[in-house]
Amino acid sequence: GWSELRRSWQKQKILYKNIKNVLQPIQDKKSELDKNTDYIKDVLEKGKKYCQEQASVRMEACKKAMGLI
C-alpha cells in the first residue's frame with residue numbers, strides 16, 4: 001500500500017543521492033577538461049608518440065626474429 005510506495009520513494013531518493021555523489025567528481029573533471037583543450041591535445045600527442053616508439057621497437061624485434069633484417 002501507501003507505506004510500501006513511500007519506502008520505495010525514499011530508496012529512490014537515497015539511490016539518486018548516492019549516484020550523484022559518485023558522478024559529481026567525474027562531471028567536475030570533465031567540465032575542467034572541456035575548458036583546457038590544449039592539455040587534452042598535448043596528452044594525446046604524447047600518447048601517440050609513445051605508442052609509435054613502442055610499435056617501432058616491437059616491429060624491429062619481429063623483423064629480426066623472422067630474419068628479415
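Asp34 and Lys30 form a salt bridge, with their closest N and O atoms 2.7 Å apart. A salt bridge here is a side-chain nitrogen of Lys or Arg within 4 Å of a carboxyl oxygen of Asp or Glu. The two residues are four apart in helix α1, so about one helical turn separates them. Helices (H or I, at least four residues) are DSSP runs, numbered from the N terminus. An α-helix has 3.6 residues a turn, so residues three or four places apart point the same way. Asp34 is partly exposed, at 47% relative accessibility. Partly exposed lies between buried (under 20% relative accessible area) and exposed (over 50%), using a 1.4 Å probe and protein chains only.

The model is predicted: local features need pLDDT of at least 70, side-chain atom pairs count only at pLDDT 80 or more, and totals for chains, interfaces and linings use all residues. Residues are numbered from 1 along each chain as its sequence is written, and side-chain values use heavy atoms, with hydrogens and water left out.

The salt-bridge count comes to four. Lys29 and Glu32 make one of them, at 3.7 Å from N to O. They sit three residues apart in helix α1, about one helical turn. Lys29 is partly exposed at 42%, and Glu32 is partly exposed at 49%. In helix α2, Glu45 and Lys48 are also three residues apart, again about one helical turn. Their salt bridge has its closest N and O atoms 3.7 Å apart. Glu45 has a relative accessible area of 34%; for Lys48 the value is 43%.

Helix α1 spans residues 2–34 and contains Leu15. Leu15, Ile19, Val22, Leu23 and Ile26 make a nonpolar surface patch of about 460 Å². Such a patch joins nonpolar side chains (Val, Leu, Ile, Met, Phe, Trp, Tyr) within 5 Å, from residues with over 30% relative accessible area and no salt bridge. Areas come from the Shrake-Rupley method with a 1.4 Å probe. Asp28 also lies in helix α1. The side chain of Asp28 makes a polar contact with that of Gln24, at 2.8 Å. A polar contact is a pair of N or O atoms within 3.5 Å, one able to donate a hydrogen and the other to accept it.

Helix α2 covers residues 37–65. Its 29 residues reach 42 Å from first C-alpha to last, close to the 42 Å expected at 1.5 Å a residue. The expected span is 1.5 Å times one less than the number of residues. Val43 is in helix α2 and is partly exposed at 40%. Just after α2, Gly67 takes a positive phi of about 75 degrees.

How values were computed. Patch = residues over 30% accessible without salt bridge, like charges linked within 9 Å, V, L, I, M, F, W, Y side chains within 5 Å.
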